[in-house]
Amino acid sequence: MIAKLNEGIARLELSLSPQQMEQLESYIGCILECNKTYNLMKADSPDELAVNHILDSLAGLPTLLSLVSEHEMQTDGTVTIGDIGSGGGCPGIPLAIACPQFSFVLVERMEKRAKFLEQTVSNLGLTNTTVLCVQASAVPVHSFDFAVFRAFHPFEKKILNWLFKMLKPEGFIIAYKARAEKIAAEMEAVRQIVPDYTKIPLTVPFLEDHERHLVVIHR
(Lines give C-alpha, C1' and ligand atoms only; values in the text may rest on other atoms or scores of the structure.)
Protein backbone atom coordinates (compact mmCIF):
# COMPACT_ATOMS: atom_id res chain seq x y z
CA MET A 1 0.00 0.00 0.00
CA ILE A 2 1.30 3.45 -0.98
CA ALA A 3 0.34 5.70 1.94
CA LYS A 4 0.29 9.07 0.16
CA LEU A 5 -1.68 7.66 -2.78
CA ASN A 6 -4.43 6.40 -0.49
CA GLU A 7 -4.53 9.55 1.63
CA GLY A 8 -4.41 11.77 -1.47
CA ILE A 9 -7.34 9.98 -3.11
CA ALA A 10 -9.30 10.51 0.11
CA ARG A 11 -8.39 14.22 0.19
CA LEU A 12 -9.56 14.59 -3.42
CA GLU A 13 -12.83 12.92 -2.35
CA LEU A 14 -12.67 10.44 -5.21
CA SER A 15 -14.62 7.20 -4.91
CA LEU A 16 -12.36 4.53 -6.38
CA SER A 17 -12.89 0.80 -6.01
CA PRO A 18 -10.26 -1.53 -4.54
CA GLN A 19 -9.55 -2.72 -8.10
CA GLN A 20 -8.95 0.86 -9.30
CA MET A 21 -6.62 1.52 -6.37
CA GLU A 22 -4.75 -1.67 -7.20
CA GLN A 23 -4.43 -0.54 -10.83
CA LEU A 24 -2.98 2.82 -9.73
CA GLU A 25 -0.43 1.08 -7.49
CA SER A 26 0.48 -1.35 -10.28
CA TYR A 27 0.93 1.60 -12.66
CA ILE A 28 3.31 3.26 -10.19
CA GLY A 29 5.29 0.02 -10.07
CA CYS A 30 5.49 -0.10 -13.89
CA ILE A 31 6.80 3.47 -14.03
CA LEU A 32 9.44 2.97 -11.35
CA GLU A 33 10.69 -0.21 -13.00
CA CYS A 34 10.90 1.42 -16.43
CA ASN A 35 12.51 4.56 -14.95
CA LYS A 36 15.65 2.50 -14.35
CA THR A 37 16.16 2.43 -18.12
CA TYR A 38 14.15 5.21 -19.74
CA ASN A 39 13.65 7.88 -17.03
CA LEU A 40 10.00 8.32 -18.00
CA MET A 41 9.05 10.51 -15.05
CA LYS A 42 11.00 12.40 -12.42
CA ALA A 43 10.42 10.42 -9.22
CA ASP A 44 12.59 8.34 -6.91
CA SER A 45 9.97 6.66 -4.74
CA PRO A 46 6.37 5.39 -4.93
CA ASP A 47 5.12 8.27 -2.75
CA GLU A 48 6.90 10.90 -4.86
CA LEU A 49 5.46 9.44 -8.04
CA ALA A 50 2.01 9.18 -6.48
CA VAL A 51 2.00 12.84 -5.41
CA ASN A 52 3.76 14.59 -8.31
CA HIS A 53 2.16 12.63 -11.14
CA ILE A 54 -0.83 10.47 -10.14
CA LEU A 55 -2.55 12.82 -7.70
CA ASP A 56 -1.67 15.82 -9.87
CA SER A 57 -3.38 14.10 -12.82
CA LEU A 58 -6.45 13.12 -10.79
CA ALA A 59 -6.85 16.62 -9.36
CA GLY A 60 -8.24 17.61 -12.77
CA LEU A 61 -10.90 14.88 -12.77
CA PRO A 62 -13.75 16.93 -11.21
CA THR A 63 -13.36 19.55 -13.96
CA LEU A 64 -13.43 16.89 -16.68
CA LEU A 65 -16.56 15.27 -15.23
CA SER A 66 -18.25 18.66 -14.84
CA LEU A 67 -17.61 19.57 -18.48
CA VAL A 68 -18.94 16.22 -19.68
CA SER A 69 -22.09 16.65 -17.61
CA GLU A 70 -22.60 20.31 -18.46
CA HIS A 71 -22.35 19.75 -22.20
CA GLU A 72 -24.23 16.43 -22.20
CA MET A 73 -21.48 14.75 -24.18
CA GLN A 74 -22.65 11.28 -23.24
CA THR A 75 -25.85 11.54 -25.25
CA ASP A 76 -24.21 10.46 -28.53
CA GLY A 77 -22.15 7.57 -27.17
CA THR A 78 -18.79 7.24 -25.48
CA VAL A 79 -16.77 10.33 -24.64
CA THR A 80 -13.32 10.10 -26.28
CA ILE A 81 -10.33 11.73 -24.57
CA GLY A 82 -6.89 12.11 -26.12
CA ASP A 83 -3.82 12.42 -23.88
CA ILE A 84 -1.48 14.39 -26.14
CA GLY A 85 2.25 13.80 -25.76
CA SER A 86 1.43 11.13 -23.20
CA GLY A 87 5.05 10.22 -22.35
CA GLY A 88 4.82 7.90 -19.36
CA GLY A 89 1.02 8.03 -19.40
CA CYS A 90 -0.02 11.02 -17.28
CA PRO A 91 -2.68 12.27 -17.06
CA GLY A 92 -4.22 9.70 -19.43
CA ILE A 93 -3.70 6.45 -17.52
CA PRO A 94 -4.80 7.71 -14.07
CA LEU A 95 -7.88 9.31 -15.66
CA ALA A 96 -8.62 6.13 -17.63
CA ILE A 97 -8.44 4.05 -14.45
CA ALA A 98 -10.80 6.46 -12.68
CA CYS A 99 -13.21 6.75 -15.64
CA PRO A 100 -13.87 3.35 -17.24
CA GLN A 101 -17.00 4.85 -18.85
CA PHE A 102 -14.86 7.01 -21.17
CA SER A 103 -12.57 6.03 -24.06
CA PHE A 104 -8.93 7.16 -23.89
CA VAL A 105 -6.24 7.42 -26.58
CA LEU A 106 -2.63 7.96 -25.47
CA VAL A 107 -0.88 9.90 -28.24
CA GLU A 108 2.91 9.48 -28.09
CA ARG A 109 5.33 10.00 -30.98
CA MET A 110 8.35 8.19 -29.46
CA GLU A 111 8.24 4.47 -30.24
CA LYS A 112 9.94 3.29 -27.03
CA ARG A 113 7.52 5.24 -24.88
CA ALA A 114 4.56 4.09 -26.97
CA LYS A 115 5.61 0.47 -26.47
CA PHE A 116 5.85 1.05 -22.72
CA LEU A 117 2.34 2.54 -22.77
CA GLU A 118 0.96 -0.39 -24.77
CA GLN A 119 2.50 -2.91 -22.37
CA THR A 120 1.27 -0.99 -19.33
CA VAL A 121 -2.27 -0.66 -20.69
CA SER A 122 -2.26 -4.42 -21.29
CA ASN A 123 -0.82 -5.22 -17.85
CA LEU A 124 -3.42 -3.05 -16.12
CA GLY A 125 -6.31 -4.51 -18.12
CA LEU A 126 -7.45 -1.09 -19.35
CA THR A 127 -9.96 -2.07 -22.02
CA ASN A 128 -10.99 1.58 -22.46
CA THR A 129 -7.51 2.73 -23.51
CA THR A 130 -5.46 2.53 -26.72
CA VAL A 131 -2.09 3.94 -27.79
CA LEU A 132 -1.48 5.96 -30.96
CA CYS A 133 2.20 6.29 -31.92
CA VAL A 134 2.17 9.40 -34.14
CA GLN A 135 3.14 13.05 -34.08
CA ALA A 136 0.39 15.28 -32.71
CA SER A 137 0.12 16.88 -36.15
CA ALA A 138 -0.82 13.47 -37.63
CA VAL A 139 -3.78 12.74 -35.34
CA PRO A 140 -6.89 12.32 -37.53
CA VAL A 141 -9.34 15.21 -37.71
CA HIS A 142 -12.19 15.26 -35.16
CA SER A 143 -10.80 12.39 -33.08
CA PHE A 144 -11.52 13.63 -29.56
CA ASP A 145 -14.13 15.31 -27.41
CA PHE A 146 -11.28 16.37 -25.12
CA ALA A 147 -7.56 16.85 -25.71
CA VAL A 148 -5.69 16.80 -22.40
CA PHE A 149 -2.01 17.18 -21.62
CA ARG A 150 0.37 17.82 -18.75
CA ALA A 151 3.83 18.28 -20.24
CA PHE A 152 3.30 18.60 -23.96
CA HIS A 153 4.11 22.11 -25.23
CA PRO A 154 3.48 25.74 -24.32
CA PHE A 155 0.53 27.18 -26.18
CA GLU A 156 1.55 28.63 -29.52
CA LYS A 157 -0.16 29.03 -32.89
CA LYS A 158 1.12 25.79 -34.45
CA ILE A 159 0.31 23.69 -31.37
CA LEU A 160 -3.18 25.16 -31.04
CA ASN A 161 -3.93 24.48 -34.71
CA TRP A 162 -2.98 20.82 -34.19
CA LEU A 163 -5.13 20.59 -31.08
CA PHE A 164 -8.15 22.27 -32.66
CA LYS A 165 -7.88 19.99 -35.70
CA MET A 166 -8.02 16.80 -33.62
CA LEU A 167 -11.02 18.01 -31.58
CA LYS A 168 -14.61 17.30 -32.50
CA PRO A 169 -16.87 20.35 -32.90
CA GLU A 170 -17.58 21.87 -29.48
CA GLY A 171 -14.67 19.91 -28.00
CA PHE A 172 -12.33 21.09 -25.24
CA ILE A 173 -8.62 21.44 -24.59
CA ILE A 174 -7.67 20.82 -20.95
CA ALA A 175 -4.06 21.71 -20.15
CA TYR A 176 -2.37 21.17 -16.80
CA LYS A 177 -0.27 24.25 -16.07
CA ALA A 178 1.60 25.83 -13.16
CA ARG A 179 1.92 29.53 -12.28
CA ALA A 180 -0.86 31.99 -13.14
CA GLU A 181 1.68 34.61 -14.21
CA LYS A 182 3.20 32.27 -16.79
CA ILE A 183 -0.23 31.20 -18.03
CA ALA A 184 -1.24 34.83 -18.57
CA ALA A 185 1.87 35.52 -20.66
CA GLU A 186 1.40 32.33 -22.67
CA MET A 187 -2.25 33.06 -23.44
CA GLU A 188 -1.60 36.71 -24.26
CA ALA A 189 0.73 35.57 -27.05
CA VAL A 190 -2.10 33.57 -28.68
CA ARG A 191 -4.98 35.93 -27.92
CA GLN A 192 -5.91 36.26 -31.60
CA ILE A 193 -6.49 32.51 -31.80
CA VAL A 194 -7.88 32.00 -28.29
CA PRO A 195 -9.65 35.18 -27.16
CA ASP A 196 -11.29 33.42 -24.24
CA TYR A 197 -10.25 30.66 -21.85
CA THR A 198 -10.90 29.51 -18.29
CA LYS A 199 -8.19 29.15 -15.64
CA ILE A 200 -9.12 26.79 -12.81
CA PRO A 201 -6.95 26.52 -9.66
CA LEU A 202 -5.99 22.98 -8.64
CA THR A 203 -5.21 21.81 -5.14
CA VAL A 204 -2.99 18.74 -5.28
CA PRO A 205 -2.69 16.81 -1.99
CA PHE A 206 0.78 17.23 -0.43
CA LEU A 207 1.58 19.96 -3.02
CA GLU A 208 -0.59 22.70 -1.54
CA ASP A 209 2.35 25.13 -1.67
CA HIS A 210 2.76 24.56 -5.44
CA GLU A 211 0.74 26.72 -7.81
CA ARG A 212 -1.22 24.46 -10.18
CA HIS A 213 -4.01 25.28 -12.64
CA LEU A 214 -6.05 23.85 -15.48
CA VAL A 215 -6.45 25.92 -18.62
CA VAL A 216 -9.70 25.05 -20.39
CA ILE A 217 -10.34 26.14 -23.98
CA HIS A 218 -13.66 25.51 -25.74
CA ARG A 219 -13.31 24.90 -29.46
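Predicted model: local features only at pLDDT ≥ 70, side-chain atom pairs only at ≥ 80, totals over all residues.
Residues are numbered from 1 along each chain as its sequence is written, and side-chain values use heavy atoms, with hydrogens and water left out.

**Exercise 1. Describe how helix H1 packs on helix H3, and state which residues make the contact.**

Step 1. Two packed helices are described by the angle between their axes and the distance between the axes. Helices (H or I, at least four residues) and strands (E, at least two) are DSSP runs, numbered from the N terminus. Axes are lines fitted to C-alpha atoms, for helices over the stretch in contact, and angles run from 0 to 180 degrees between N-to-C directions.

Step 2. H1 covers residues 3–11 and H3 covers residues 46–58; their axes are 8 Å apart and the packing angle is about 25°. H1 is therefore roughly parallel to H3, given that angles under 35 degrees count as roughly parallel, over 145 as roughly antiparallel, 65 to 115 as roughly perpendicular and the rest as oblique.

Step 3. The crossing of H1 with H3 is right-handed, a crossing being left-handed if the near helix is turned anticlockwise from the far one by less than a right angle, and right-handed if clockwise.

Step 4. With contact meaning heavy atoms within 4.5 Å, H1 contributes Ala3, Lys4, Leu5, Gly8 and Ile9, while H3 contributes Asp47, Ala50, Val51, Ile54, Leu55 and Leu58. Sorted by class, this contact of H1 with H3 holds 8 nonpolar, 1 polar and 2 charged residues, where Ala, Val, Leu, Ile, Met, Phe, Trp, Tyr, Cys and Pro count as nonpolar, Asp, Glu, Lys and Arg as charged, and the others, Gly among them, as polar.

**Exercise 2. Carry out the analysis for H2 and H6.**

Step 1. Helix H6 spans residues 111–124, and H2 packs with H6 at an angle of about 150°, the axes being 10 Å apart; H2 is therefore roughly antiparallel to H6.

Step 2. H2 and H6 cross in a right-handed sense.

Step 3. From H2, the residues Gln23, Ser26, Tyr27, Cys30, Ile31, Cys34 and Tyr38 meet Lys112, Phe116, Thr120, Asn123 and Leu124 of H6. The class count for the contact of H2 with H6 is 7 nonpolar, 4 polar and 1 charged.

**Exercise 3. Identify which members of the largest nonpolar core touch the most other members.**

Step 1. A nonpolar core is a set of buried Ala, Val, Leu, Ile, Met, Phe, Trp, Tyr and Cys residues joined through side-chain atoms within 4.5 Å. Buried means under 20% relative accessible area, exposed over 50%, and partly exposed in between (1.4 Å probe, protein chains only).

Step 2. The largest nonpolar core has 56 residues, of which Leu5, Ile9, Leu24, Leu58 and Phe146 touch the most other members. Helix H2 (residues 18–38) gives the most to this core, with 7 residues.

Step 3. Leaving aside residues up to four places away in sequence, Ile9 touches Leu14, Leu16, Met21, Leu24, Leu55 and Leu58. A second, separate core of 24 residues includes Ala136, Phe149, Phe152 and Ala175.

**Exercise 4. Determine whether Ser57 is buried or exposed, and list what Ser57 touches.**

Step 1. Ser57 lies in H3 and has a relative accessible area of 0%, so Ser57 is buried.

Step 2. Not counting residues up to four places away in sequence, Ser57 touches Cys90, Pro91, Pro94, Leu95, Arg150 and Tyr176.

Step 3. The buried residues of H3, Ser57 among them, pack against H1, H2, helix H4 (61–70), helix H5 (92–98), strand E5 (167–177) and strand E7 (212–218).

**Exercise 5. Find where the backbone has a cis peptide bond and where a residue other than glycine has a positive phi.**

Step 1. Most residues other than glycine have a negative phi, and most peptide bonds are trans.

Step 2. The peptide bond joining Cys90 and Pro91 is cis, with omega about 10°, and Pro91 is found in the loop between strand E1 (80–84) and H5.

Step 3. Glu13, in the loop between H1 and H2, has a positive phi of about 60° and is exposed, with a relative accessible area of 71%. Glu170, placed in strand E5, has a positive phi of about 70°.
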